[in-house]
Amino acid sequence: MTTTRPDLVLTSARILDPATNTDAIMDVAVTSGKISEVGEHLDTSTAGDIIDLSGRWLIPGMIDTHVHVGGELDGVTDPGTGMRAVVEAGATTVVDLGGSMERIVNGIRKHGAGANVAGLGMLKPGVTLPDDDPSPSIVRSTLDKALKSGQLGLKMWGGYYPFSMDVTADIIAACNERLAYVAFHVGTKSSGSRLDGMRELPALLGQHGRAHIAHINAYCRGSILSPAEEIAEALEILESLRGRVVSEVHLARPNFTRGECDEDGNVRMDVARNCLRLRNYPTTREGMRKAITDGYGSAVRQTPSGLSLVTGAEGVKIFDDGDSVIGMSFPVNRADTAFQLTTAKRKDDSFIVDAIASDAGVLPRNVNIEQAMNIVKFGGLTPLEMAQKLSFNPARMIGLTRKGRIAPGMDADLTVISPEQGRAVMSFVAGEMVMMDGRAVGHSGKLLITNAGETAAARYDLPYETIDISNSLLYAV
Ligand SMILES: [Zn+2]
């Protein structure tokens, strides 16, 4: 069919294309950054390059709708650290859930590894907002500023910087009015980063509100009911908002939070307090030190290649040296919760939680593919369902109409998985190899922006693509 010479032909891969339910050994031809042909025994005689993928699985490029590469929460000095880490884990497109555009741009310039990167504006009182009670006009001007900087919308960090119910509802409404993206780590001043935060969603969204609800598993750690009861109720809440929310689950055991204590020695962040309470530690500086001493809490240490977790006396020293203002981690994410939320389906066979996302990036838990492969081995997902949760659904969540599929005309963003190793071993963005054997080999990166960000993107002098959030599942029906 194709008469043009393909730049690249990937041969004999097990193609997993959930959109067409295709699970078959075939070849994929790539021409000018797009998939030009998919079929058996394609003509390779004129191909610029041929890669034999016998024994490998090929999924549409992994799209991680929840990463942190934009500088918030991590404190890592090299802004490219997260850019490399996500690519090394097999991602081809990522959404930074609340950081700075400047940091993303610097990261791509310095150590970009070839991925497509979108960002959401962070709502941090004293930094991007004057205080924690912004008026509707301040909310809207903050959203405009984010969109103009090239971000797709806003992220609310209810577990860290909660707003009142009214302000939270207004932020969602403001983003909805503009058809901007809005992601929510649940929790308000009247709830927490727990099931009680989820319970507020129907009231916060009202009749028409729409939002991306981040890491559902983080609200089912057993803080209020038993984990099993919390999972059931969280799924019920999502189901009651079907068509108006999109959501994801991450599959890593450790979480990430902040150690900050106030002048009275009390832990500031709701997420960190919940972690301490789960094991009956006092929510104080001393409680935190004890948790680190016991090996339950870890201090996050920066190393040249990323972040590592340190417990015991050494961890306490990092905590004290940083005067508590450090990244912290607790092993609070339950495997049973992650499994059940990932695999939960409706009667019509569709998934209640749309995607697997990492909440990683710079944080050392970029395990989407590894853990999804474990679920496949265990029989919880078919290989096609895995591809759906790692790429097809995430593409629809953001409104990327040319990604998430392996079909002619689609962007040649592809991730190769080794079923023996259970991880990504190669990936391509627009037909260019960006990762090989777990090493990022790509350069630079492309910003995904809305049309409001075009002037800024031109100034950044990086490749960019304008996307239309009205194509997102958030606004689909
Ligand atoms: Zn996050």
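Helix H1 is mostly covered, with eight of its eight residues buried. Here buried means that 20 or more other C-beta atoms lie within 10 Å of a residue's own; 12 or fewer means exposed, and in between means partly exposed, with C-beta atoms placed from the backbone. Helices (H or I, at least four residues) and strands (E, at least two) are DSSP runs, numbered from the N terminus.

This is a predicted model: local features need pLDDT of at least 70, side-chain atom pairs count only at pLDDT 80 or more, and totals for chains, interfaces and linings use all residues. Residues are numbered from 1 along each chain as its sequence is written.

**Helix H1 and its packing**

- The buried residues of H1 are Thr81, Gly82, Met83, Arg84, Ala85, Val86, Val87 and Glu88.
- H1 packs against H2 at an angle of about 70°, and their axes are 8 Å apart. Axes are lines fitted to C-alpha atoms, for helices over the stretch in contact, and angles run from 0 to 180 degrees between N-to-C directions.
- H1 and H2 are therefore roughly perpendicular to each other. The classes are under 35 degrees for roughly parallel, over 145 for roughly antiparallel, 65 to 115 for roughly perpendicular, and oblique for the rest.
- Gly82, Met83 and Arg84 of H1 make the contact with Gly107, Ile108 and His111 of H2. Two residues are in contact if their C-beta atoms, placed from the backbone, lie within 7 Å.

**Gly90**

- Gly90 follows H1 and has a positive phi, near 105°.
- Gly90 sits in the loop between helix H1 (81-88) and strand S7 (91-99).
- Gly90 counts as buried because it has 26 C-beta neighbours inside 10 Å.
- Gly90 touches Met62, Ile369, Thr415, Ala424, Ser427 and Met435, leaving aside residues up to four places away in sequence.
- From Gly90 to Asn280 is 38 Å, C-alpha to C-alpha, across 190 residues of sequence.

**Strand S8 and its partners**

- Strand S8 (residues 113-122) is mostly covered: ten of its ten residues are buried.
- Five bridges pair S7 with S8 in the parallel sense. Two strands pair if DSSP finds at least two bridges between them.
- The chain crosses from S7 to S8 through helix H2 (residues 101-111), in a right-handed β-α-β crossover. Right-handed means that, with the strands pointing away from the viewer, the path from the first strand over the helix to the second runs clockwise.
- Val94 stands opposite Val117 in S8, and Val117 has Leu447 as its bridge partner in S23.
- S8 runs parallel to strand S23 (residues 444-449), joined by three bridges.
- S8 also runs parallel to strand S9 (residues 153-157), with two bridges. Met122 is bridged there to Lys155 of S9.

**Nonpolar core**

- The largest nonpolar core has 158 residues; Val28, Leu58, Val86, Ala115, Leu154, Ile171 and Ala234 touch the most other members. Such a core is a set of buried Ala, Val, Leu, Ile, Met, Phe, Trp, Tyr and Cys residues joined through C-beta atoms within 7 Å.
- Ala115 has contacts including Met83, Val86, Val94 and Gly445.

**A separate topic: the antiparallel sheet**

- Four strands form an open sheet in the order S13-S16-S14-S15, with antiparallel pairing.
- Strand S13 (257-258) and strand S15 (306-310) stand at the edges with a single partner strand each, so one side of each is left without a neighbour in the sheet.
- Five bridges join strand S14 (residues 298-303) to S15, and Gln302 has Leu307 of S15 as its bridge partner.
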